[in-house]
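Please keep the sequence and the model at hand while reading.

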Amino acid sequence: QKMPFQDFMFMVLSHEVQRRDSNAIKSRVTKAKLDIDMRLERWDDTAAVSYDQRMWSELCSLRFVRAGHNALILGPVGVGKTYLANALGHLACKHEMSVLMMRSERLFKELKASRLDNTYDKEMRRLMSVDLLILDDFGLDRMDAIESRDFYELVVERHQRASIVVTSNREPNEWLALMADPIRAQSAIDRLQNASFELVVEGESYRKRQKPEVAA
């Protein structure tokens with residue numbers, strides 16, 4: 001195509017940079033344990049849910065992550081809280097941030113197991129080191145003394161230094177009754193909530209639309 005050599009080299013190098021950036025993002029997404037399909041561009045705007053669009057735009061800017069603040073995504077079952085948390089994780093990965101997303105129940109079980117094989121300190125360092133830690137489905141069950149202490153340690157050590165996103169079906173004022181150690185619980189929840197943006201999602205469960213039907 002008679003392209004000048006310098007233009008050809010620029011095109012080749014640009015493609016290589018894009019390829020490496022893409023691979024780096026994929027690697028961060030895999031390490032983060034994010035759902036690959038729950039990305040912002042695939043969010044269904046026609047879903048029968050409502051939330052503060054201005055607040056959501058602020059969260060998508062990721063300024064809260066850079067400032068070491070938190071985000072609470074609250075609402076009933078099936079309104080897309082997990083999806084929105086995943087979408088924030090994907091955005092953070094695109095901006096070269098380290099992310100880790102786990103269901104809260106799973107995280108606390110893994111921390112308990114790590115005590116048995118003497119890897120607890122290593123696991124806690126991993127949880128402390130990521131730029132954005134996402135705890136999904138927090139507060140579904142009561143937390144015993146060990147789980148309450150682990151939650152306290154995570155919140156206190158990351159407070160104003162690194163961000164946490166929490167999704168929950170319960171309001172923060174309900175979490176206190178779920179934790180075995182009320183003093184640590186109150187201290188952790190106070191730190192978390194007072195350094196958080198709160199996005200409340202309301203509406204009907206999207207899962208109703210996924211219910212199978214008999215073929216005509």
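In which sense do strand 3 and strand 4 pair, and over how many bridges? Strand 3 and strand 4 pair in the parallel sense over five bridges; two strands are said to pair if DSSP finds at least two bridges between them. The model is a predicted one, in which local features need pLDDT of at least 70 and side-chain atom pairs count only at pLDDT 80 or more, while totals for chains, interfaces and linings use all residues. Residues are numbered from 1 along each chain as its sequence is written, and side-chain values use heavy atoms, with hydrogens and water left out.

**Overall architecture**

- The chain has nine helices and seven strands, where helices (H or I, at least four residues) and strands (E, at least two) are DSSP runs numbered from the N terminus.
- Along the principal axes, the C-alpha atoms of the chain fill a box of roughly 75 × 55 × 35 Å.
- Of the 216 residues of the chain, 40% count as buried; buried means under 20% relative accessible area, exposed over 50%, and partly exposed in between (1.4 Å probe, protein chains only).

**Parallel strands**

- Strand 3 (residues 99-103) is mostly covered, with four of its five residues buried.
- Strand 2 (residues 70-74) runs parallel to strand 5 and is joined to it by four bridges, and Leu74 stands opposite Ser168.

**Aromatic groups**

- A pair of aromatic rings is described by the distance of the centres and the angle of the planes.
- The structure holds five aromatic pairs; rings of Phe, Tyr and Trp (its six-membered ring) pair if their centres lie within 6.5 Å, with planes under 30 degrees apart counted as stacked, over 60 as edge-to-face and the rest as tilted.
- One of these pairs is formed by Phe138 and Trp175, which are edge-to-face at 4.9 Å centre to centre with 80° between the planes.
- This pair links distant parts of the chain, 37 residues apart: Phe138 lies in the loop between strand 4 (132-136) and helix 7 (145-158), and Trp175 in helix 8 (residues 172-175).
- Phe138 and Trp175 are both buried.
- Trp43, Tyr51, Trp56 and Tyr83 form one aromatic cluster.
- The charged end of Arg184 sits over the ring of Tyr152, 5.6 Å from its centre; the criterion is NZ of Lys or CZ of Arg within 6 Å of the ring centre and within 35 degrees of the ring normal.

**Second largest pocket**

- The second largest pocket has a volume of about 160 Å³.
- On a 1 Å grid over the protein atoms alone, a pocket is an open set of points where a 1.4 Å probe fits, with protein on both sides within 12 Å along at least five of seven lines; lining residues have an atom within 4 Å of a point.
- Grid points are joined across faces, edges and corners, and the volume is the space filled by probe spheres set on the points.
- Among the residues that line this pocket are Ser104, Phe108, Phe138, Arg142 and Glu147.
- Helix 5 (residues 104-116) gives the largest share of the lining, four residues.
- The lining divides into four nonpolar, two polar and six charged residues (nonpolar: Ala, Val, Leu, Ile, Met, Phe, Trp, Tyr, Cys and Pro; charged: Asp, Glu, Lys and Arg; polar: the others, Gly among them).

**Positive phi values**

- Most residues other than glycine have a negative phi.
- Lys33, in the loop between helix 1 (5-32) and strand 1 (49-50), has a positive phi near 65° and is partly exposed at 43% relative accessibility.
- Leu62, in the loop between helix 2 and helix 3 (63-66), also has a phi near 65°, but Leu62 is buried, with a relative accessible area of 0%.
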